[in-house]
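Here are my notes on the side-chain contacts, for you to check against the coordinates. Have a look at the model first.

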Amino acid sequence: MNLQCFVAVLCLSAGVMAGKYSREMNEAKLTNSDGKTVEFRIAKLNQVWEKAIRMQLSPVRQAELHSDLKIQEKDELQWKKLKVEGLDENGEKEAQLRRNFNVILAKYGMDGKRDTRPLESNYLKDHDTKEGDTFDDPRLDKLWNKAKNSGKFSEEELLSLRREFQHHKDKIHEYNIVMDTVTRTEAEVHKNVISPLEGEAKEHVLHQKHTELKQKMRDLNQGFERLRKLSHEGFSEDSEFREPRVIELWEAAKRANLSNDELDSLKEELRHFETKVEKHSHYQEQLELSHQKLRHVEALGDTEHIQRNQEKYNTLAEKTREMGYKMKKHMQDLTNKISRQGLNHNEL
């Protein structure tokens with residue numbers, strides 16, 4: 001299937017059907033105690049979503065937030081079942097959920113702190129390679145400029161390389177958010193501990209968070225080393241994957257001491273996941289283009305055209321949220337699977 005056909009099929013699928021996720025959202029709208037229609041089954045998530053709408057985040061960023069909140073909702077509802085069954089006695093899962101929620105707030109500038117990361121209102125700018133591009137990190141900037149001016153990369157390869165650098169920049173930003181969240185949690189623990197027993201339990205949770213931070217730092221160092229090698233040697237023709245998130249998972253799998261059969265099985269699953277990531281990226285681009293067209297039509301004041309374009313935009317926005325949720329859930333499942341299999345091998 002050529003690219004034009006692929007795009008046509010995607011657009012048709014977006015316009016004709018919104019999928020199971022969309023049907024569920026349309027047929028069984030959630031309402032709160034006041035009878036007001038809401039997006040989520042948890043009050044604090046609805047508060048975040050309503051605040052995001054008031055903040056007028058870009059369409060793509062708003063869709064990303066919606067996907068993150070759906071993941072948070074899923075995890076919190078699962079935790080409530082565990083709690084009823086007495087399976088989170090030390091509060092470890094609850095602390096993890098609280099940290100994840102704080103990370104979401106910080107990621108989208110809702111934690112009351114000024115986010116110094118520049119936010120693009122136009123998703124398509126991510127695809128441009130301009131002279132002024134920087135990654136807010138001296139090592140990344142130096143490596144990028146060297147690679148960009150080396151002459152060894154085609155225009156398409158430079159776009160792929162830039163996605164790799166942007167992904168690493170996002171990982172640094174995520175690490176800083178997590179570190180700040182853990183630091184604040186640590187301060188709250190020492191301030192609010194009532195008994196020695198409670199203090200031991202919370203110290204145990206914090207110890208795990210510090211272990212997680214150390215692993216994230218190791219991942220960052222390995223990621224930078226991979227960027228350095230890629231910038232000097234270029235892309236190899238037998239590269240297994242193209243998407244940074246998929247490459248990161250594959251590298252983690254190769255370090256996890258898995259058997260050849262397990263790696264082969266995982267490689268096939270990662271190929272399917274990469275297709276899902278690429279499809280989601282395509283819908284993000286289409287959503288931004290649809291938003292631009294809607295703004296243009298609104299400026300012309302043609303009511304009929306506005307309504308038609310608004311409907312198309314709403315459908316694309318919903319589909320992008322749905323695909324973002326499915327992609328992030330799949331990535332969550334893959335990450336857990338790699339960690340679990342690697343741990344099982346280490347225990348043998």
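1. Ground rules first. This is a predicted model, with local features needing pLDDT of at least 70 and side-chain atom pairs counting only at pLDDT 80 or more, while totals for chains, interfaces and linings use all residues. Residues are numbered from 1 along each chain as its sequence is written, and side-chain values use heavy atoms, leaving out hydrogens and water.

2. Searching the whole structure turns up 5 aromatic pairs (rings of Phe, Tyr and Trp, the last by its six-membered ring, with centres within 6.5 Å; planes under 30 degrees apart are stacked, over 60 edge-to-face, the rest tilted). Phe135 and Trp144 make an edge-to-face pair, because their ring centres are 5.8 Å apart and their planes sit at 80 degrees. Both are buried (under 20% relative accessible area; exposed is over 50%, partly exposed in between, with a 1.4 Å probe and protein chains only): Phe135 comes out at 1% and Trp144 at 0%.

3. Phe135 also pairs with Phe165, this time tilted, at 5.5 Å centre to centre and 40 degrees between the planes. Phe135 is in the loop between α5 (92–107) and α6 (138–148) and Phe165 is in helix α7 (residues 155–192), so this pair ties together parts 30 residues apart in sequence. Helices here are DSSP runs of H or I with at least four residues, strands are E runs of at least two, and numbering starts at the N terminus.

4. Two charges sit over rings (NZ of Lys or CZ of Arg within 6 Å of the ring centre and within 35 degrees of the ring normal). Lys44 is over the face of Phe101 at 4.4 Å from the ring centre, and Arg139 is over Phe224 at 3.8 Å.

5. The salt-bridge count is 26 (a Lys or Arg side-chain nitrogen within 4 Å of an Asp or Glu carboxyl oxygen). One of them joins Arg41 and Glu73 at 3.6 Å, N to O. Arg41 is exposed at 56%, whereas Glu73 is buried at 2%.

6. Shared partners join Glu64, Asp68, Lys107 and Lys328 into one network.
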